Amino acid sequence: MEEVPQGCPGTGSAQAGRGASCQGCPNQRLCASGAGAAPDPAIEEIKEKMKTVKHKILVLSGKGGVGKSTFSAHLAHGLAEDENTQVALLDIDICGPSIPKIMGLEGEQVHQSGSGWSPVFVEDNLGVMSVGFLLSSPDDAVIWRGPKKNGMIKQFLRDVDWGEVDYLIVDTPPGTSDEHLSAVQYLSAAHIDGAVIITTPQEVSLQDVRKEINFCHKVKLPIIGVVENMSVFICPKCKKETQIFPPTTGGAEVMCQDLKIPLLGKVPLDPHIGIQEFCGHHPPKEEHFLSS
Amino acid sequence: MLRAQGRAVHQCDSGWVPVFVDQEQSISLMSVGFLLESPDEAVVWRGPKKNALIKQFVADVAWGQLDYLVVDTPPGTSDEHMAAVEALRPYSPLGALVVTTPQAVSVGDVRRELTFCRKTGLQVVGVVENMSGFVCPHCAECTNVFSRGGGEVLASLAGVPFLGSVPLDPELTRSLEEGQDFIRDFPKSPAFPALFSIAQKVMSEAPARLS
């Protein structure tokens, strides 16, 4: 993957190839000629590759720590409960790749075959890909700027041999930046079914979800719905409920009503999920997600 | 969280004027949130544009005399983090406070964050374990909702100070929603002793650690 100069204006920018930080970049002439603004050929290549993938779902959140990767993993497991459904889980959180740990696949490596990179299979019908599989140690940090992350995402979509897949779930990092733009851009010719947005009940989280919803509108990404995670805590001893993250403005329910977006469900805080993830297992709670 | 939503940023001769969030004018704030037309507006920027704004926040804001500049970052080890370190490096002392939740999935990511600190020469002031246990207000049973202890183990393995654990506290979450000063208004709440102690440690130990 090529290094890009710090301060790179972006290959699509009007300053591409002409900015001060372009001096010395191996792609300077290419950008200055306007070739950088041409559509990326990878988009067509990815469209071809995605012909064997029936449904593509992006899992987004405005905030970190709301349980997006947990949800993605459990959704993938839930869909794969039916042996006849082929499921693929792609983790494009390049800096914080949690999916291998959650799926019990830490330490697994990716193999190359004639038809591309092979995903790591956790079940016969559930394959996983993550930058986590390309790192040699759990302490390795991926200290990459946007363009390098974008290149990785392009490779994941173009070079992984997913095979015939019914559902491709794409787990993203929080926010509305490079990874999200790249995923939408590279899949632009391949038809994404839509996005599921995860939130917790409090306004501080919902505020970021509204930005995420605006992002989806801007890039014309359909919204399948919102999941409210960590809705309520049920004490294992006295069984009484407490709202640890209080829905001071009505939670996701009111927000979804206001914005006319489906609320797919509410998931309570469950200490067992943390333990299960540590062990790489999944509790039989997929009914929550499947019923949506 | 600091009840400063909707405030405007003004220019003066020495740059942008940060927004004061308290009457005593002891805490000033700068955020891209002040530059948006609406709170729902999404900032859909790629790395280079984010980097440029972060540089401006450091170089073009008239911060004045400060005892502490606290920089809140998004999760990860990417553009924003590199830009912040590069922009702040000329101004020492500079250190990192690393926050995790207790469970293995979080600790797994924070290990990488500590590597980022090491690789960029950013001294770690310490690790804080947040959302560490919840005491049921009905029966006082403590449940480790997100497991427990991961932060302390991580700090020990990485050879950095462990500053403390902060429990889950609905009063804290609620006060952030309403922009209240939790430290001033909720001294009896479960998270208060932990937050207070961590702040004390940072103030007393950081200068020596970062010199």
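How many salt bridges are counted between chain A and chain B? The count is four, a salt bridge being a side-chain nitrogen of Lys or Arg within 4 Å of a carboxyl oxygen of Asp or Glu. This is a predicted model, in which local features need pLDDT of at least 70 and side-chain atom pairs count only at pLDDT 80 or more, while totals for chains, interfaces and linings use all residues. Residues are numbered from 1 along each chain as its sequence is written, chains are lettered from A and ligands numbered from 1 in the order in which they are written, and side-chain values use heavy atoms, with hydrogens and water left out.

Select chain A, which holds 10 helices and 12 strands; helices (H or I, at least four residues) and strands (E, at least two) are DSSP runs, numbered from the N terminus. Of its 292 residues, 55% are buried, where buried means under 20% relative accessible area, exposed over 50%, and partly exposed in between (1.4 Å probe, protein chains only).

Next, pick Lys54(A) and Asp166(A), whose side chains form a salt bridge at 2.9 Å, N to O. Lys54(A) belongs to strand S1 (residues 53–61) and Asp166(A) to strand S7 (residues 165–171), so the pair ties together parts of chain A that are 112 residues apart in sequence. Lys54(A) is exposed, at 58% relative accessibility, whereas Asp166(A) is buried, at 17%.

**The face between the chains**

Now show both chains: 57 residues of chain A are in contact with 50 residues of chain B, contact meaning heavy atoms within 4.5 Å. The two chains bury about 4,600 Å² between them, 58% of it on carbon and sulfur atoms; buried area is the accessible area (1.4 Å probe) that two parts lose on being put together, summed over both. In chain A, the residues that lose the most area to chain B are Ile143(A), Arg145(A) and Ile244(A), together 13% of what that side buries.

**Arg145(A) and its partners**

Centre on Arg145(A), which is buried, with a relative accessible area of 14%. Its side chain meets that of Glu86(B) in a salt bridge at 3.1 Å, N to O. Arg145(A) sits in the loop between S6 and H5 of chain A and Glu86(B) in helix H2 (residues 79–88) of chain B, so this pair joins two chains. Another salt bridge links Arg145(A) with Asp79(B), at 3.9 Å, N to O. Then select Asn51(B), in helix H1 (residues 47–59) of chain B; not counting residues up to four places away in sequence, Asn51(B) touches Arg145(A), Asp79(B), Glu80(B) and Ala83(B).

For a further link, select Arg111(B) and Asp139(A), whose side chains meet in a salt bridge at 2.7 Å, N to O. Arg111(B) lies in helix H3 (residues 104–119) of chain B and Asp139(A) in the loop between strand S6 (126–130) and H5 of chain A, so this pair also joins two chains.

**The annotated cysteines**

Finish at Cys235(A) and Cys238(A), which an unreviewed UniProt entry lists under "binding site"; UniProt positions are given in the numbering used here, feature names are shortened, and annotations may be inferred rather than shown by experiment.
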